[in-house]
Amino acid sequence: MKAQTGSGDDVGLEDSSQRENQPDSSWQENQPIRANASSSSVASAYFNNKIIIPEDQQHPIFSFKKLWAFTGPGFLMSIAYLDPGNIESDLRSGSVAQFKLLWVLMSATFLGLLMQRLSARLGVVTGMHLAEVCYRSYPRVPRLVLWIMVEIAIIGSDMQEVIGTAIAFYLLSDGKIPLYAGVLITIADTFTFLFLDKYGLRKLEGFFAFLILIMVVTFGYEYVMVAPDQPALLRGMFVPFCEDCGPDQVLQAVAIIGAIIMPHNIYLHSALVKSRDVDRTKRDHIQEANKYFFVEAAIALFISFLINVFVTAVFAEGFYGRNITQVYDSCIEREVPHASVFNTTNLEVDIFRGGVFLGCQFGLAALYIWAVGILAAGQSSTMTGTYTGQFVMEGFLNLKWKRWIRVLFTRSIAIFPTILVASFSGIQDLTQMNDMLNVLMSMQLPFALIPILTFTSSESIMGDFKNGRLMSVFTALLAVLVIGINLFFISVYIHSLPPHWAVYVAVSVLVILYLTFVLYLVWFCLVSNGFHFFDRLPCLSCLKRRETPYVLSESISGTSLDLDSETPDFGSTINTSEFGSMPNTGTADFESTPNTAEFGSTPNTSEYGSRANTSAVEKDHTKRNTSSQ
């Protein structure tokens with residue numbers, strides 16, 4: 001590969017203390033790619049003061065002091081599992097299938113934990129988040145398409161959060177705050193809350209923890225008030241079977257998976273872990289960080305799972321099996337606001353009707369407590385969604401925007417269609433948008449699952465921390481499952497479209513483009529991880545893996561790679577060969593690492609494990625040394 005080296009003065013500038021602390025040679029041979037410590041990422045704008053990990057010699061195996069230092073990113077990540085879209089999916093699950101789909105909810109949460117583990121490991125091992133790695137790996141056109149897909153997921157999630165927050169204001173004010181006003185309020189309060197990080201990262205994480213606590217208390221209160229059947233709840237959670245389930249229940253089970261595993265959340269978590277000061281030149285420090293981040297994520301997702309169970313159980317016990325007459329009569333008897341929503345022939349439930357129903361069955365206090373919980377869910381997920389948008393834009397495009405501009409950009413796109421529906425249609429149509437948005441989120445999942453599988457399975461990126469074969473196969477099967485779910489959603493959606501040939505043609509074209517791009521990502525994943533048979537496909541020659549414009553620089557553990565601000569356009573593909581780790585000496589010996597393939601290099605180059613064709617690099621290095629002398 002054509003590599004750009006640092007100046008001659010940058011070579012061999014380690015002091016003696018650094019040399020004494022160098023890892024062993026076996027660690028150097030298979031070390032992962034890392035961002036240079038001196039590089040400034042956009043994420044550093046949020047995490048200027050990284051959390052220091054304390055030493056705890058008395059508890060070498062597991063330290064609660066260290067766990068507390070690592071606690072934070074997982075809870076911010078878990079908020080995406082508690083957004084209004086998930087809450088609505090939970091209550092509908094309970095209303096149509098009672099407790100029978102709780103095992104699907106638990107399985108989806110467990111699958112989400114495995115995906116978040118991969119995301120956190122990528123950030124810890126490489127020092128780069130997923131969007132940054134995508135920027136350094138994919139050619140220009142696929143990279144931009146991938147960025148657009150992730151932005152669609154972020155905006156779709158943002159719309160759900162705006163809808164939930166507006167409905168919460170509507171319920172709390174007894175309809176005095178109209179929906180369009182609630183939508184507009186989300187702009188101002190999001191700007192206000194986003195400046196909390198000015199007071200320190202820990203205070204920001206504490207505020208998010210407080211919002212999660214509000215959800216635990218409010219939805220837990222509803223759970224206690226309803227007092228669901230515990231044996232039936234446990235049976236639905238641990239028995240993977242849905243007795244007497246029809247198409248509605250199957251469709252809801254699919255919707256649960258789409259709502260729980262959020263594509264943009266995988267990008268977010270890989271960035272949040274960079275807020276901890278982990279010495280990536282030491283193998284044991286990386287192992288320790290991976291361990292504690294996984295434990296913290298497991299705790300955070302367990303809490304989010306309990307909240308989702310609370311919501312599902314409330315409507316499984318209180319709503320399932322009731323008829324419209326019973327619900328409407330109880331609303332009239334208690335003089336609950338908005339009782340007219342149940343003066344209809346069809347008994348349906350969503351975030352808005354769910355709050356009204358709780359007020360009808362258990363009193364006004366239950367309605368307002370529900371609204372507070374929805375407000376906390378909407379506000380917390382809104383802020384984390386804004387952070388995700390910042391990381392994704394800066395990572396994919398290497399574009400640094402001021403935070404308020406980014407917030408205004410994404411929020412404006414999310415608010416425009418939402419406020420139109422809120423102004424001209426009403427709250428029923430507003431809540432129905434959640435169904436479409438859940439389908440949209442599910443369709444974007446492959447654009448997070450396939451890249452994270454690609455890079456965490458690559459030895460040249462992750463070194464010894466790459467995925468094992470079992471994990472790679474499992475993640476691949478999950479991606480296949482998600483793609484199958486998406487095709488199922490599409491087939492269901494097509495039946496609801498107007499029967500016109502132009503509509504079918506448009507949908508067919510979109511489906512073909514969607515599947516084509518998914519297949520390209522799969523091809524890239526296979527070729528990047530050693531399946532070079534697929535690299536011979538002539539139709540994909542223009543989309544081969546491009547050269548990764550990194551700069552070699554010395555670090556304590558050997559090679560460190562960073563993006564050069566003066567590198568040319570990333571769309572070009574250069575016929576190069578691999579190079580391995582650079583020893584910590586005063587000379588640059590570009591001996592390739594055995595059994596290691598350089599990530600981002602163009603396929604069909606020199607054989608893996610052989611000495612790289614580095615004549616251009618050596619000449620450049622010699623020229624630099626001569627000029628310096």
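At 16% relative accessibility, does His-338 count as buried or exposed? At that value His-338 counts as buried, where buried means under 20% relative accessible area, exposed means over 50% and partly exposed lies in between, with a 1.4 Å probe and protein chains only.

## Basis of the model

This is a predicted model, in which local features need pLDDT of at least 70 and side-chain atom pairs count only at pLDDT 80 or more, while totals for chains, interfaces and linings use all residues. Residues are numbered from 1 along each chain as its sequence is written, and side-chain values use heavy atoms, with hydrogens and water left out.

## The chain as a whole

The secondary structure comes to 24 helices and 5 strands, taken as DSSP runs numbered from the N terminus, with helices (H or I) of at least four residues and strands (E) of at least two. Of the 629 residues of the chain, 58% count as buried. Among contacts (heavy atoms within 4.5 Å) between residues at least 6 apart in sequence, 81% join residues at least 24 apart.

## Packing of H6 and H13

Helix H6 (residues 102-126) packs with helix H13 (residues 263-272) at an angle of about 40°, and their axes are 7 Å apart; axes are lines fitted to C-alpha atoms, for helices over the stretch in contact, and angles run from 0 to 180 degrees between N-to-C directions. H6 and H13 are therefore oblique to each other, since angles under 35 degrees count as roughly parallel, over 145 as roughly antiparallel, 65 to 115 as roughly perpendicular and the rest as oblique.

On the H6 side, Met-115, Gln-116, Ser-119, Ala-120 and Gly-123 meet Asn-265, Ile-266, His-269 and Ser-270 of H13. The residues of this contact divide into 3 nonpolar, 6 polar and no charged, with Ala, Val, Leu, Ile, Met, Phe, Trp, Tyr, Cys and Pro counted as nonpolar, Asp, Glu, Lys and Arg as charged, and the others, Gly among them, as polar. H13 is mostly covered, with 10 of its 10 residues buried.

## H15 and its buried side

In helix H15 (residues 324-334), the buried residues are Ile-324, Val-327, Ser-330 and Cys-331. They cover an arc of only 140° around the axis, which puts them on the same side of H15; the arc is that of the directions from the helix axis to the C-beta atoms. What covers these residues includes helix H16 (351-362).

## Positive phi in two loops

Most residues other than glycine have a negative phi. His-338, in the loop between H15 and H16, has a positive phi near 65°. Asp-174, in the loop between helix H8 (140-172) and helix H9 (179-194), has a positive phi near 55° and, at 31% relative accessibility, counts as partly exposed.
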